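Subject: The structure we talked about

Hi there,

My notes on it follow below.

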Amino acid sequence: MAKLTNEQIIESLKEMTLLEISDLVKSIETAFGVSAAAPVAAAAGPAAAAAPTSVNLILTDAGSQKVAVIKLFREITGLGLMEAKNAVEKTPATIKENIKPEEAAELQKKFEAVGAKVKAE
């Protein structure tokens, strides 16, 4: 059997429908015990796979228990009552910047416990 060149394979693929190519990919995965998704993840590089070292925690919605959210916001940020109230009422509001993801997750749980919605970016 003659060995096909890359150009010949590519030309063959150009003549196939997407459904035929999808079936071909599945057949290759089965025959060789590989996944077509693995090279894509590796191509993204180590920087894309690495988790962020710091995030910003942002209040997106105060929910129905605004008083509890304002108290928690004050406790975490150290702001005065009026500053905290204004921040909570004008969402999105930054709660903390450049914090570890673990700390952000912990604070997020506290805010969600009082009915607020927050996100870590």
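A word on burial before anything else: a residue is called buried under 20% relative accessible area, exposed over 50%, and partly exposed in between (1.4 Å probe, protein chains only). By that rule, 19% of the 121 residues of the chain count as buried.

Please keep in mind that this is a predicted model, where local features need pLDDT of at least 70 and side-chain atom pairs count only at pLDDT 80 or more, while totals for chains, interfaces and linings use all residues. Residues are numbered from 1 along each chain as its sequence is written, and side-chain values use heavy atoms, with hydrogens and water left out.

The chain has seven helices and three strands, in the order α-α-α-α-β-α-α-β-α-β from the N terminus on. Both are DSSP runs numbered from the N terminus: helices are H or I with at least four residues, strands are E with at least two.

Now to the largest pocket, whose volume is about 180 Å³. A pocket here is an open set of points on a 1 Å grid over the protein atoms alone, where a 1.4 Å probe fits, with protein on both sides within 12 Å along at least five of seven lines; lining residues have an atom within 4 Å of a point. The volume is the space filled by probe spheres set on the points, which are joined across faces, edges and corners.

Its lining consists of Leu4, Ile9, Ser12, Leu13, Met16, Leu24 and Ile28. Helix 1 (6–14) and helix 2 (18–32) each supply at least two of the lining residues, and helix 1 gives the most, with three. Six of the lining residues are nonpolar, one is polar and none is charged (nonpolar: Ala, Val, Leu, Ile, Met, Phe, Trp, Tyr, Cys and Pro; charged: Asp, Glu, Lys and Arg; polar: the others, Gly among them).

Leu24, in helix 2, is partly exposed at 31% relative accessible area. Together with Ile28, Phe32 and Val34, Leu24 also forms a nonpolar surface patch with about 370 Å² of accessible area.

Two backbone details are also worth a look. The peptide bond from Thr91 to Pro92 is cis, with omega near 5 degrees, and Pro92 sits in the loop between helix 6 (81–89) and strand 2 (93–99). Within strand 2 lies Asn98, which has a positive phi of about 50 degrees although it is not a glycine. Asn98 is exposed, at 60% relative accessible area.

Best wishes

How values were computed
Patches are made of residues with over 30% relative accessible area and no salt bridge: like charges are joined within 9 Å, nonpolar side chains (Val, Leu, Ile, Met, Phe, Trp, Tyr) within 5 Å. Accessible areas come from the Shrake-Rupley method with a 1.4 Å probe; for residues, only the protein chains shown count as cover. A salt bridge is a side-chain nitrogen of Lys or Arg within 4 Å of a carboxyl oxygen of Asp or Glu.
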